[in-house]
Amino acid sequence: MVKLNKIYTRTGDKGTTALVSGPRRLKHDLRVEAYGTVDETNSAIGVARLHTANTDIASMEKLDAMLFRIQNDMFDLGADLATPETDEPPTYEPLRIVESQVTRLENEIDDLNSSLEPLTSFVLPGGNAAAANLHLARTICRRAERLIVELSVAESEIVSPEALKYVNRLSDFLFVAARFANDMGKADILWVPGKNR
């Protein structure tokens with residue numbers, strides 16, 4: 001159980017932060033950038049939920065419940081990334097993303113996508129407020145994924161395969177969710193190549 005009595009600790013005043021497992025890293029360290037961008041993605045999903053929560057539309061209630069589960073998963077993903085694997089046996093069981101979380105996302109993507117017409121062009125980010133914010137969350141998620149992939153190939157760094165799969169599926173989910181929020185894709189704004197030449 002997490003217990004936060006005091007918000008400021010002054011321990012980061014010299015530009016470092018503690019990983020869950022204890023060691024300190026510079027605040028611009030690639031691992032810190034990766035889980036910080038996961039947190040940024042989560043915040044963007046929170047903004048999108050301002051437009052999916054507390055509606056009378058059953059489809060939006062379903063989407064909001066999925067987004068709520070994802071927000072919790074995002075903290076799991078952040079904890080996973082903030083607890084690097086080491087050669088030393090852990091003194092506690094670190095929180096890791098597991099395959100069932102990836103599978104659930106895949107099932108939810110399929111569920112939402114089954115209501116949508118196939119695309120005939122790329123979709124411009126926008127539409128209603130929920131969709132626009134989900135597109136923003138998607139692009140932040142893609143940045144998080146790029147950082148996590150970079151971390152996974154960095155010397156002496158380990159990222160679990162499930163964490164990589166999860167963040168990849170999440171950006172797919174957010175794309176489908178944006179279309180779903182856009183009146184089941186009917187309000188999507190399609191790219192017209194070369195339209196303004």
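## A tour of the fold and its nonpolar core

In this predicted model, residues 24 or more positions apart make up 73% of the protein's contacts with a separation of 6 or more. Keep that in mind as you move around.

**Whole chain.** Start with a cartoon view of the protein, where you will find five helices and four strands. Follow the chain along the sequence and the pattern reads β-β-α-α-α-β-α-α-β. Of the 197 residues, 42% count as buried.

**The core.** Next, select Leu 63, Leu 81, Leu 134, Tyr 166, Leu 170, Phe 173 and Leu 174, which touch the most other members of the largest nonpolar core, a set of 44 residues. Colour the helices that give two or more residues to this core: α1 (30-49), α2 (58-81), α3 (99-113), α4 (129-153) and α5 (161-181). Which of them gives the most? Pick α5, with its eleven residues.

**Leu 174.** Zoom in on Leu 174 and show its contacts, skipping neighbours within four places in sequence: Ile 45, Leu 67, Leu 134, Ala 137, Arg 138 and Cys 141.

**Arg 49.** For the last stop, select Arg 49 in helix α1. Is this arginine buried or exposed? Arg 49 counts as buried because its relative accessibility is 18%, and the cut-off for buried is under 20%. Setting aside neighbours within four places in sequence, display its contacts with Asp 64, Leu 67, Phe 68 and Gln 71. Leu 67 is also among the contacts listed for Leu 174.

Key: Residues are numbered from 1 along each chain as its sequence is written. This is a predicted model: local features need pLDDT of at least 70, side-chain atom pairs count only at pLDDT 80 or more; totals for chains, interfaces and linings use all residues. Side-chain values use heavy atoms; hydrogens and water are left out. A nonpolar core is a set of buried Ala, Val, Leu, Ile, Met, Phe, Trp, Tyr and Cys residues joined through side-chain atoms within 4.5 Å. Buried means under 20% relative accessible area, exposed over 50%, partly exposed in between (1.4 Å probe, protein chains only). Contact means heavy atoms within 4.5 Å.
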